[in-house]
Amino acid sequence: MNYRIAVIPGDGIGPEVVEQTLRVLDAVGGKYGHSFEYVKALAGGCAIDEKGECLPQETIDICKGSDAVLLGAVGGWKWDTLPGDQRPERALLGLRKELGLFANLRPALLFDELADACPLKPEIVEGGLDIVVVRELTGGIYFGEKGTTDTDLGPAAYDVEQYAEGEVRRIAKVAFDMAMKRGKKLTSVDKANVLESSRLWRRVVAEVAEDYPEVEVNNFYIDNAAMQLVRNPKQFDVIVTSNIFGDILSDEASMITGSIGMLPSASLAEGNFGMYEPVHGSAPDIAGQNIANPMATILSAAMMLRYTFGLGEEADCIENAVRKVLADGCRTADIAREGEKVSGTRETGDLIVQAI
Ligand code: IPM
Ligand code: MG
């Protein structure tokens with residue numbers, strides 16, 4: 001089969017981790033007889049520099065004309081002083097909205113080989129950790145009405161958290177379907193003791209639950225969930241939550257797996273279309289030095305094969321290759337212990353390609 005992939009390297013370490021990922025995709029394609037066509041597109045700070053805007057229409061068109069999107073990272077110090085609506089991060093939000101990517105899957109898996117990169121006590125994570133955060137991605141406070149107003153205490157600014165039943169229902173279904181394929185345990189996270197939007201969220205999740213009698217459902221408040229995640233992370237299987245709570249919890253979940261440099265993500269639309277990117281950012285402090293960990297992006301490509309192209313065996317092949325190089329001792333700087341040999345970005349790519 002032929003697949004057309006829109007590739008957005010972006011800023012900072014984005015281009016280098018994407019470069020290694022394309023080599024890995026080519027290796028898998030060669031092995032299984034698929035060809036991947038890459039169409040490069042600009043978004044983020046580099047698009048601001050070259051085109052004067054962070055998300056040019058051309059980029060949106062290229063994405064819409066492709067089977068899937070692979071993205072490195074956007075943002076950097078250079079653009080940090082721009083007004084909020086012109087920052088590179090707007091490109092991400094624009095892509096999510098324009099492409100209808102409402103479901104963000106962020107698996108947090110602690111590889112056995114990296115157990116001691118986890119900052120929690122060994123007994124807390126013994127036996128491994130395997131959690132998926134299902135984050136609503138095109139609604140809530142990120143996209144609600146925002147503005148400024150005058151108050152007695154001076155000028156004020158606001159962002160509205162709003163959820164429609166249909167938005168909650170569709171993300172809940174994605175999460176329940178995911179739970180059915182895994183441990184049949186779903187935790188819905190909200191702040192229903194305070195927020196009206198959370199009470200609606202909780203009610204709709206309960207309605208959807210009726211169609212999934214086999215799934216055990218828990219409702220946690222966000223503050224408790226954040227605490228439980230470090231106290232006893234093994235109690236979680238699938239977590240479903242709103243855009244902003246998911247943003248926070250997925251970073252927390254990533255850290256307990258050792259390094260944010262290991263975590264992939266998939267952002268899915270209705271149907272099979274998706275955008276795939278590492279959970280980490282553009283890390284401008286280490287950009288261009290061949291020290292970034294490309295594994296999160298490479299694992300994101302595996303998710304692309306699995307979720308958008310339906311190529312489960314090929315996805316397994318990439319994940320097994322990553323596991324193998326870890327078992328063989330390949331460590332980028334973020335996951336190396338003191339005294340361990342450190343592999344560069346390219347070398348890590350080489351090893352994974354060889355393992356495939
Ligand atoms: C993420 C990031 C983004 C978000 C930023 C860069 C806009 O933190 O993907 O988690 O908040 O969604
Ligand atoms: Mg985030």
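This is a predicted model: local features need pLDDT of at least 70, side-chain atom pairs count only at pLDDT 80 or more; totals for chains, interfaces and linings use all residues.
Me: Which helix gives the most residues to the shell around ligand 1?

Reply: A residue is near a molecule if one of its heavy atoms lies within 4 Å of it, and the residues that surround ligand 1 are E89, L92, R96, R106, R135, Y142 and D247. Helices are DSSP runs of H or I with at least four residues, strands are runs of E with at least two, and both are numbered from the N terminus. With 3 residues in the shell, the helix that gives the most is α4 (residues 89-98).

Me: How much of the accessible area of ligand 1 does the protein cover?

Reply: A polar contact is a pair of N or O atoms within 3.5 Å; within protein, one must be able to donate a hydrogen and the other to accept it, and residues adjacent in sequence count only if both atoms are side-chain atoms. Oxygen atoms of ligand 1 lie 2.7 Å from an N or O atom in the side chain of R96, 2.8 Å from a polar side-chain atom of R135, and 2.5 Å from an N or O atom in the side chain of Y142. Accessible areas come from the Shrake-Rupley method with a 1.4 Å probe, and for residues only the protein chains shown count as cover. Of the 320 Å² that ligand 1 has on its own, the protein covers 75%.

Me: Is Y142 buried or exposed, or does it fall in between?

Reply: Y142 is in the loop between β5 (130-136) and β6 (146-151), and its side chain makes polar contacts with those of R135, at 3.3 Å, and D247, at 3.1 Å. Buried means under 20% relative accessible area and exposed over 50%, with partly exposed in between (1.4 Å probe, protein chains only). Because its relative accessibility is 21%, Y142 counts as partly exposed.

Me: Which side chain is joined to that of D190 by a polar contact?

Reply: D190 belongs to strand β8 (residues 185-190) and, at 1% relative accessibility, is buried. Contact means heavy atoms within 4.5 Å, and the residues that D190 touches, not counting those up to four places away in sequence, include W201, R202, Y221 and F245. The polar contact, at 2.8 Å, is with the side chain of R202.

Me: How far is the backbone oxygen of Q235 from a polar atom of the side chain of K185?

Reply: K185 is also found in strand β8, and its relative accessible area of 22% makes it partly exposed. Leaving aside neighbours within four places in sequence, its contacts include A179, V215, D237 and Q235. The distance from the backbone oxygen of Q235 to a polar atom of the K185 side chain is 2.5 Å.

Me: What value is phi of N290 near?

Reply: Most residues other than glycine have a negative phi. N290, in the loop between β12 (274-278) and α10 (295-307), has a positive one, and so does K184, where phi is near 55°. For N290, phi is near 60°.

Me: How far apart in space are E16 and I291, C-alpha to C-alpha?

Reply: E16 lies in helix α1 (residues 14-32) and is buried, with a relative accessible area of 13%. Among its contacts, leaving aside neighbours within four places in sequence, are N290, I291 and T345. Although E16 and I291 are 275 residues apart in sequence, their separation in space is 9.4 Å.

How values were computed
Residues are numbered from 1 along each chain as its sequence is written. Chains are lettered from A and ligands numbered from 1 in the order in which they are written. Side-chain values use heavy atoms; hydrogens and water are left out.
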